[in-house]
Amino acid sequence: MPNLTELASWKALQAHFDQIKDVRMRDLFAQDQGRFNKFSTQMDDILLDFSKNRINDETFGLLCDLAREVDVEVWRDRMFSGEQINISEFRPVLHTALRNRSNTPVYVDGEDVMPKINRVLAQIRYFTERVRGGHLRGYSGHLITDIINIGIGGSDLGPQVVCDSMKPFAQRGMNVHFVSNIDPTHLTEVLKFVVPESTLFIVSSKTFTTQETMMNAQSARKWFVETTGNEKAVSRHFVAVTTNKSAASEFGILDENMFEFWDWVGGRYSLWSAIGLPIALYLGMDRFEELLEGAHAMDMHFRSAPIEKNMPVILAMLGIWYNNFFDAQSHAVMAYNQYLRRLPAYLQQLDMESNGKTINRQGKRVDYLTGPVIWGETGSNAQHAFFQLLHQGTKPVPADFLVPARSKNPLGEQHSVLLANFFAQTRALMNGKTEDEARAELEAAGLPEDVVDDVLPHKVFEGNKPTNSIMFESLEPRTLGALLALYEHKVFVQGVVWDINSFDQWGVEYGKQLASDIQQELASRENTTRYDDSTNNLINYCMLLKFSD
């Protein structure tokens, strides 16, 4: 397509931005009493209120025009149909097929992949029901009480955010742990709290060669064998999610305990596949399928809703508005729910690994900003940490606020207080506090006039800070599935607008290559002059500290 900034819709947005950039949201609300109905939409029980954004009717129309001009709907249909839209790895992108609960055919190279997907789902159900039902036990007859998932990236963050978010649905007596970091401390600290005879290890690696995962897996295997003195029992306590059956077999894993997934499943989109095995073990297969159903419902919404009512498209285009026109280089995610505490970390990988790119689909460097920095924390903790910057800092930070109307753990009025903070913060960020309002408050407190004059500048809040509010009845597996799919599609739409491939991650691979070279230097225990002056001296100083007597 033509360069993004040369498109008619982009130029129209730029001209419009110059007109509206100083307009205040509190004035927009005062002028339009129907703003909420105009700028909100719903899918099932999930409500998206985007009225607290620096937009008017014209802005929203122009953003929708841009989405159409870059062919968002065409690219969406290409993804769902199995075309090779991952152009640098020559693969289709079909995580949506993994949760295709309608079971309609999805073709890759002329083959319907749904029978394969259904076969693996049946395998997961059979295995997890045997473990959870006590039919498949440890080598000494103990029930399996602890699941340790060994993976990294999407093989870790996806299952972890679901298991963490869905704790109320976990089987009593079942614990799940996640080990990802190559730092041996991560595995060591987890192993302190489990016993081998009741622990099941899941090794999640598509190739069964991922360095961090396989080193942790080998260390876990060594711990198991040394602790039990029973190498044959490895086959009862280790399973694999992989495409490399020979390597898994050599590790000691039985064929029936190998769970397949495919190269058209990207790592950060893989929780819907057999990578979700720890989810099914922890929550049960029925709950895992409810998660898939929620994601499928969002897929259907994304495919069928008009752009003006399409949640992923709306979130994506608002992100484009702030990232590319207001120069907002980060985006915050505030989950007012403790169970969603890992959501910002999950979204960091999803967004930043997908759209942290400088090269477009034609292989040319872009001349505009692409993916923002994603960060966040749970409310109301975040209010006592970094909300000061949101309210009175110099950096523009658009934010998403998420909250359930009902708590899984009602304790007196605590959830009502949480909700009050949720509503108050988005209103305060939008409305701000004028100098006249601040002066009136100070004078009402009885402060002397000179003190009022001194304190007044510190009490003024600029406001006009944009937020999206996402509300749902309660945090159920189906709801969580829909929310995660919502963000997946948002990221995809933004990649389409920026004309980049959201489905590769060569920056990750490059770092791995360099680390492999340097690892050999560390193994030699000799000083190096191979790299730049900084790296050489850091390596040599490390050698001095680590190996000196």
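## Stop 1: the pockets

Let's begin with the second largest pocket, which has a volume of about 470 Å³. A pocket here is an open set of points on a 1 Å grid over the protein atoms alone, where a 1.4 Å probe fits, with protein on both sides within 12 Å along at least five of seven lines; lining residues have an atom within 4 Å of a point. Grid points are joined across faces, edges and corners, and the volume is the space filled by probe spheres set on the points.

Before you click on, know that this is a predicted model: local features need pLDDT of at least 70, side-chain atom pairs count only at pLDDT 80 or more, and totals for chains, interfaces and linings use all residues. Residues are numbered from 1 along each chain as its sequence is written, and side-chain values use heavy atoms, with hydrogens and water left out.

Now select Asn337, Gln338, Ser407, His415 and Leu418: of the 20 residues lining this second pocket, these lie nearest its centre. Helix 18 (residues 414-431) gives the most to that lining, with 5 residues. Helices (H or I, at least four residues) and strands (E, at least two) are DSSP runs, numbered from the N terminus.

Next, select Thr210, Gly267, Gln505, Glu509 and Lys512. You're now looking at the residues nearest the centre of the largest pocket, which is lined by 39 residues and has a volume of about 1,000 Å³. Which helix gives the most to this lining? Colour helix 22 (506-524): it supplies 7 residues, the most. Helices 8 (154-165), 10 (211-228) and 16 (343-355) each supply at least two. By class, the lining has 12 nonpolar, 18 polar and 9 charged residues. Here Ala, Val, Leu, Ile, Met, Phe, Trp, Tyr, Cys and Pro count as nonpolar, Asp, Glu, Lys and Arg as charged, and the others, Gly among them, as polar.

## Stop 2

Pick Asp504, in the loop between helix 21 and helix 22. Buried or exposed? At 7% relative accessibility, Asp504 counts as buried (buried is under 20% relative accessible area, exposed over 50%, partly exposed in between, with a 1.4 Å probe and protein chains only). Show the side chain of Ser88 too: a polar contact of 2.5 Å joins it to that of Asp504. A polar contact is a pair of N or O atoms within 3.5 Å; within protein, one must be able to donate a hydrogen and the other to accept it, and residues adjacent in sequence count only if both atoms are side-chain atoms.

## Stop 3: a buried threonine

Jump to Thr242, in the loop between strand 8 (238-241) and helix 12 (245-251). Thr242 is buried, with a relative accessible area of 2%. Its side chain has a polar atom 3.0 Å from the backbone oxygen of Lys206, and also reaches the backbone nitrogen of Asn244 at 3.0 Å.

## Stop 4: helix 4

Select residues 57-69, helix 4. Its buried residues include Phe60, Leu62 and Leu63, and the buried set packs against helices 1 (8-20), 5 (72-81), 15 (311-325) and 21 (477-498). At the N-terminal end, Asn56 is the cap: one of its side-chain oxygens lies 3.0 Å from the backbone nitrogen of Glu58. After the helix comes Asp71, with a positive phi near 70 degrees.

## Last stop: strand 2

Finish at Leu47, in strand 2 (residues 46-49). Leu47 is partly exposed, at 23% relative accessible area.

Key:
The expected span of a helix is 1.5 Å times one less than its number of residues. Contact means heavy atoms within 4.5 Å.
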